[in-house]
Amino acid sequence: MRPERRWAAAVGALLMLAALWTALAAWDVTVPEAYTVLPALAALVVGWEWARKAERTPSSWASLSGGLCLLLLPGLGMVLAGEDTLWRVPALLAAALAVVLWGLRRRSQAALVIGGLTLLGTALRAFGPPLWDLTRLLPNWVPFAVIGALLLLIGARYEASLERVRRLGHFIGGMR
């Protein structure tokens with residue numbers, strides 16, 4: 001595309017987005033992912049191309065974080081609100097896991113952090129309450145014994161894991 005016509009691409013993209021949203025609203029679509037997934041994928045493609053063609057490679061936060069947030073955060077908000085979790089939780093877990101694995105492979109800090117936080121939030125909301133209810137069925141001392149054993153294990157491995165945590169911090173910090 002010629003540089004003097006790039007503005008036409010932006011206008012065309014906005015008109016396509018408006019047409020999509022108008023059609024979805026006319027069909028009474030209320031699922032927020034229907035409104036956000038296509039623009040998120042478009043933003044990810046634009047960010048990917050920008051990072052690929054730029055003279056100086058931008059950080060993954062500058063090039064990919066907007067698209068990743070638009071892709072994952074509306075679903076996470078709905079999961080945390082407790083709406084339509086039957087299909088949304090597995091779909092969001094799969095998408096967030098794919099983003100994390102892609103971020104690890106491409107050494108993308110934004111993808112790793114945003115995907116990991118989405119995985120954590122979705123898993124805690126989906127699996128936390130049933131596990132908490134399970135602890136009520138056990139004798140009162142069992143949760144305290146398990147927590148105590150975990151604390152002893154963590155304390156015993158603390159020194160050995162400090163170096164691994166430092167290496168992980170350097171690894172994540174070294175991502176673009």
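Author: A patch is made of residues with over 30% relative accessible area and no salt bridge, where like charges are joined within 9 Å and nonpolar side chains (Val, Leu, Ile, Met, Phe, Trp, Tyr) within 5 Å. A salt bridge is a side-chain nitrogen of Lys or Arg within 4 Å of a carboxyl oxygen of Asp or Glu, and accessible areas come from the Shrake-Rupley method with a 1.4 Å probe, only the protein chains shown counting as cover for residues.

This is a predicted model, in which local features need pLDDT of at least 70 and side-chain atom pairs count only at pLDDT 80 or more, while totals for chains, interfaces and linings use all residues. Residues are numbered from 1 along each chain as its sequence is written, and side-chain values use heavy atoms, leaving out hydrogens and water.

The patch consists of Val146, Ile147, Leu150, Leu151, Leu153 and Ile154, which together have about 590 Å² of accessible area. Val146 belongs to helix H6, residues 141-173; helices (H or I, at least four residues) are DSSP runs numbered from the N terminus.

Val100 sits in helix H4. Leaving out residues up to four places away in sequence, Val100 touches Ala111, Leu112, Gly115, Gly116 and Leu119, contact meaning heavy atoms within 4.5 Å.

Key:
Helices (H or I, at least four residues) and strands (E, at least two) are DSSP runs, numbered from the N terminus.
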